[in-house]
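Here is a short briefing to read alongside the model. Have the sequence and the 3D view open as you go.

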Amino acid sequence: MAETVKVDIPHKLTREAARGRIESGFASLRQDMLGGMVKFEDTWDGDHLDFRARVMGQSVTGRLDVLDDNVHVEIDLPGFLAAIAGKLKGKLQKEGTLLLSKK
């Protein structure tokens, strides 16, 4: 059974700074996946991001909204990945917090 993982990651940055960090994070992710078996697509519309990763015939889709004080992320996992939803949520929270921490 498919599952949607939802995470809110608080930040103390401006929207523009938070979006910039997310854009660079996705650019790194895309670069890491080049030449691999994962196809990654992402499209920004203002402060809203739609993304999709495809691997071995399976698709993971998601949405991300950069807000004034947090980033809201939703990722739709297909049935075979639903078992790792809890781990994924924890990793998103941890990595997202690191990415959006003021430096």
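By class, 23 nonpolar, 2 polar and 3 charged residues make up the lining of the largest pocket. Here Ala, Val, Leu, Ile, Met, Phe, Trp, Tyr, Cys and Pro count as nonpolar, Asp, Glu, Lys and Arg as charged, and the others, Gly among them, as polar. This is a predicted model, in which local features need pLDDT of at least 70 and side-chain atom pairs count only at pLDDT 80 or more, while totals for chains, interfaces and linings use all residues. Residues are numbered from 1 along each chain as its sequence is written, and side-chain values use heavy atoms, with hydrogens and water left out.

**The largest pocket**

- The volume of the largest pocket is about 850 Å³ (the space filled by probe spheres set on grid points joined across faces, edges and corners).
- Its lining has 28 residues, and F26, L29, I75, L88 and L92 are the closest to the centre.
- A pocket is an open set of points on a 1 Å grid over the protein atoms alone, where a 1.4 Å probe fits, with protein on both sides within 12 Å along at least five of seven lines; lining residues have an atom within 4 Å of a point.
- α2 gives the largest share of the lining, 7 residues (helices are DSSP runs of H or I with at least four residues, strands are runs of E with at least two, numbered from the N terminus).

**The nonpolar core**

- The largest nonpolar core has 20 residues, and I22, F26, F51, L64 and L100 have the most contacts inside it.
- Such a core is a set of buried Ala, Val, Leu, Ile, Met, Phe, Trp, Tyr and Cys residues joined through side-chain atoms within 4.5 Å.
- β5 gives the most to this core, with 4 residues.
- Leaving aside neighbours within four places in sequence, I22 is in contact (heavy atoms within 4.5 Å) with W44, L64, V66, V71, L99 and L100.

**Aromatic pairs**

- There are 3 aromatic pairs, counted when ring centres of Phe, Tyr or Trp (its six-membered ring) lie within 6.5 Å; planes under 30 degrees apart are stacked, over 60 edge-to-face and the rest tilted.
- F40 and F51 form a stacked pair, 6.4 Å centre to centre with 20° between the planes.
- F40 lies in strand β2 (residues 39-45) and F51 in strand β3, so this pair ties together parts 11 residues apart in sequence.
- Both F40 and F51 are buried (under 20% relative accessible area with a 1.4 Å probe, protein chains only; exposed is over 50%, partly exposed in between).

**D8**

- D8 is found in strand β1 and counts as partly exposed, at 42% relative accessibility.
- Not counting residues up to four places away in sequence, D8 touches N70, V71, H72 and Q93.
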